[in-house]
Structures are given as structure tokens and as C-alpha cells.
Amino acid sequence: MMVCEMLRIIEYHASGVLGDLSPDADLLINPMRLILWIGWAYLCFYSAQKIQFNPYVPAKYRTLFVLATLAAGPFVFLGLVIKRAVSVSIKTGTGLWESLSQSVTELLSSMTLLSHRPRRTGQEIRLMDASGRNIRDIYGKSDKQARNILQLTESIVEKSIKTRASDILIDPRPDSIYTIRFRIDGMLSTYKELDAEKALAVVNSFKAISDMDIAERRRPQDGSFLARVNTLNVSFRVASAGVMNGEKLSIRILNQNAASQTLDDVGLTHKQLQILRDAIGKPSGLILICGPTGSGKTSTLYAMLNEIDRFTRNVVTVEDPIETVLSNASQIEVNTKADITFAKALRSILRQDPDVICVGEIRDEETAEIALRAAQTGHQVFATLHCDSNTAAILRLLDLGVSPALLASGLQIIVSQRLVRCLCDHCKEPAQFTSTQTKDLMMKNIDPKTLFTSKGCKKCHETGYYGRTAIADITMMTPEFRASIAKNKNVMEDLTNQGAKVGTSNLKKQGLKKAVSGITTLSELKRVMG
């Protein structure tokens, strides 16, 4: 009766406001009354749904509150909020209005979390093997304990994706405990600790979905699997190894954003971007991306491929493994078991009329020689090489047995890069230095007031950093430098003097520019550069 009376009052005022817009007010069912009833019913059902998962309602009274909410609608919900605010006000001594405001904020926050809570049925995330079979289908009918292990495995993968991790490490410890760690922005942090029995079951789940032998715990194995989170597909590469105290599992999360990443996202300076884009625009030549493991070489490689019009140019890649599917590109995956190597794949590519060839990594003399000959004969070639610097790249290629004349004619540009963590914009603060440190910085023409330091907040998980950016050193091949390489004389000296001649700069100088711009910190540069 109370609800009906309130609806009549609302309808009366609404009719007064609308006036002539409600000519059917005397009808048994008029449009205004129907709209009000539908709106009220919606609020009742919505409030009842939220009451079901509301942390303020005791579990034993939850059914009663749901029934009351279906009848009285949002008023029961509002009553709970007021009750919570009054109790907080009494306990803490704060004002009622302040407590009420805080309760409403917490309520809205909890409702947001509830609306985005992970589904316990495994429908939000699906783990699949290379053929597309779900991990639950691989296990078939299982008991409650097995289902809990599968759910734990899925939650580990889901959490790693949400935290932007690049690797998952599962390590055994001497005390029958396994640690699960995530590498986020290049730094490892512990996510969970599991007892040996449960951890081994999780390891077996990963090995089963990766098509690896569960019974083999000593011999190293490799595999891969996929995860589908809503409409997003993420690829994972798995490697196992028998270590002291058990079996170690390393899971690499392949960059799911590489297909849409551009050179503007890498972090290069405007001048470096111009140099690299000019090199990409040329019809032939080898562009070499150098750096140690985890320095973002592959991401830069994909960003370069995204600069190319793949509709009008024939792009073929050789990768180990294929990290991201590129539209309008032919991608070949290296498979040593099937005798598909970089060198053999490159030979076959040259018979497929390619315009652009992308080599995932130069590992041996044969691959280096074929890539340079392809660059020399009118093809544009992108490749990566594991080494520390541009100087080391030249020496490494010469050490592999590449002739100096071939290297001088085929190589176009070398890019060495590192990744440094970016300061969190929500919590970074000006850095404080001692008088001695300030004097040292001033002697290096660095203004201490432009430098920031990390603090830590919820946004960055108390690390003070969020995301990474690249610092790069670019060396262009000038005619004079080509001549010195071809003669195999004064290569080291010429590389050292290249900066002033072609406008390139070394990694430390680029890193200092990032620190002065407030993008990263001096301590982060020291960690990465030494």
C-alpha cells in the first residue's frame, strides 16, 4: 500500500509537470503510469541483485533482505547505507554527513567490483592448446579437487594478463613450497606461494595444455598454449627444466598489443623516429635491431612492420615463435623438428617475390649471409641480433664469418635499445638530493629540479613505476663508414665517432634526457645501464 501511494504521488506531480502531454490520465492504464511501474520494477530487481552480493548484509538474513527489496525496492538498499554510515559515525566520531558520503563511495566502489568480478564457471577466460581444445575438455570429467586446480590455473593466467606481466615463473624451494612470480615491467614480484602437492598439479595443468609430457620432469621441454579472455586472444610460450628440489616452469606471455603498436609507441625521440622512418621508406637494405634479452627488440620489429603498407607490398616473416598474427603478411614459424630453420626458410622466401623480409633473429653465419645478400639485391630486410651495442653488432657479424664487403654493402642502419620503467604519473614526486649530489649534477649540466623519484600508489601496485619506454642508440651507414668496414680497418674508432657526424647519440645520453623530462629516474637508468 505504501508503494502504491508513493507511485500515485509521483504520478500526480509528473502529470502536473507534463500538463497537456498526458491527455490519457483518466484511462485505467495510461503511458505515464506504465513507465513509472516499469521503472520501479527495474529498480526493485536491480537493488535485489545488489543486495544478494552486498558485504553489509549478513549471510543468514540475505534471503529475507532480497524479498523485502523486491517489495520495497531501493528504500531497503538506502536504509542499509544509512545504517552503515551511522555505525561508522558512532565508532570513529566523524560527522554523519561525512560518514554517509564515505559509505556511498564505498558502496559504488563495491558495486563496480561486483559487476566486474571474475566468473567462477571459467567462461570469462579459456585456456586452449594449439589445436583449440579447452583445458577442461582435455581433462574430461574430473572431481572437485581437479576442478579447483583448473580454476587456480586459470586465475593465475588471468591475473598475469591483468597485471601486464611478461613472464610467469613457477619455482620450487627446499621447504616443499613453490613460488609463483610475475615479471611486470622487467621486475619480478611474488604473486603466490603454494604447497608442493598443489603446485605440481598446477604445473601438470600447464604442461598438459602445452602438449608436453607430464611424466617427464628432468628433461627440458617446450610448448605453447592460448588464452581467450572475452574477445582477446593471448599466446603463451612454456619451457620446463628439472632443477634442484623439483621442476621449474617458465611461461612467456607474448605481447598481445604488438599487432597495433606503432613506432610512436616505442619511445624514440622525434629525430630518431625521422631517421628510422626514412630508412624504412627505402626500397632495400638491412635494418638491424640489437639488444639483450627482454630489451623490446621484437616489439620494435613489429612496430616497423606496421609502418609498411602491407596491401601493396609482399611482407614475409620468419619467427621463432610467431608472437602476433599480422594481417596481410606471410608468417613462417621456425621448427627444428621439422627441419625448418631460419636459413632454410630464408632461402624459400627469396623464391616468393618478397618486398620486405623480417628475420626474427640472426643466430648463425648462414642466416646473416642470406639476410645481407637479400638486402643487397633489392629487398628490404628487418632483423634482430643479440648483442650489447652497435659496436658489438658489427663485431658479432664479422665474427660470424660475414665478409666485410658484404656487410658494408648490405647493412643500412643499426639500432641498439633498452627498456626503462616509466614513473607512475599518479604518485611521482620531485627528487631530493644532498648538497654533494646537487653539485655533481650541476657539474654535468643537469638541473636537479627537473628530476623526479618514485613513491608508490595503488595504481602502480606500490612500485612507483607503470609501463616501460625504450631508449635507443642509432648508427647510420655513411659512405665513409662503409668504406672503413669494407677495408676492415678502424671500425671501432669510426663507430665511436659516428655520433657527431650523423646525429646519433649513445644510450646513456638518451636515458638522461628521459630522466630530465620526468619520464624515469636516475636509479632506474643505473639499474638498466649499469
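The following conversation concerns a predicted model.

Reader: Let us start with the second largest pocket. How much space lies in it?
Author: The second largest pocket holds about 410 Å³ of space.

Reader: Which residues lie nearest its centre?
Author: Nearest the centre of the second largest pocket are Leu441, Lys444, Leu512, Leu522 and Lys526, from a lining of 15 residues. Two or more lining residues come from each of helix H15 (435-443), helix H18 (507-516) and helix H19 (522-529).

Reader: And which element gives the most to that lining?
Author: H19 does, with five residues.

Reader: How many of the lining residues are nonpolar, polar or charged?
Author: The lining of the second largest pocket has seven nonpolar residues, together with four polar and four charged ones.

Reader: Turning to threonine 153, where is its place?
Author: Threonine 153 belongs to helix H7, which covers residues 144-162.

Reader: Is threonine 153 buried or exposed?
Author: Threonine 153 has a relative accessible area of 1%, so it counts as buried, the limit for that class being under 20%.

Reader: What does the side chain of threonine 153 reach?
Author: Its side chain reaches the backbone oxygen of isoleucine 149 at 2.9 Å. Leaving aside residues up to four places away in sequence, threonine 153 touches Leu127, Val202, Ser205 and Phe206.

Reader: Now the cysteines. How many disulfides does a search of the whole structure find?
Author: The search finds zero disulfides. Cysteine 427, for instance, is in no disulfide, and the nearest cysteine sulfur, that of cysteine 457, is 3.7 Å away.

Reader: Is cysteine 427 buried or exposed?
Author: Cysteine 427 is buried, with a relative accessible area of 8%. Cysteine 358 is also buried, at 3%.

Reader: What does phenylalanine 452 touch, not counting residues up to four places away in sequence?
Author: With those residues not counted, phenylalanine 452 touches Leu423, Lys428, Glu429, Pro430, Ala431, Gly518 and Thr521.

Reader: How many residues lie between the positions of phenylalanine 452 and threonine 521 along the chain, and what separates their C-alpha atoms?
Author: Phenylalanine 452 and threonine 521 are 69 residues apart along the chain, and their C-alpha atoms are separated by 6.3 Å.

Note on methods: Residues numbered from 1 in each chain as written. Predicted model: local features only at pLDDT ≥ 70, side-chain atom pairs only at ≥ 80, totals over all residues. Heavy atoms only, no water. 1 Å grid on protein atoms, 1.4 Å probe; cavity = no way out; pocket = protein on both sides within 12 Å on 5 of 7 lines; lining within 4 Å. Points joined across faces, edges and corners; volume = space filled by probe spheres on them. Helix = DSSP H or I, 4+ residues; strand = E, 2+ residues; numbered from the N terminus. Nonpolar A, V, L, I, M, F, W, Y, C, P; charged D, E, K, R; others polar. Buried < 20%, exposed > 50% of the residue type's maximum accessible area, 1.4 Å probe, protein only. Polar contact = N/O pair within 3.5 Å; in protein donor to acceptor, adjacent residues only side chain to side chain. Contact = heavy atoms within 4.5 Å. Disulfide = S-S within 2.5 Å.
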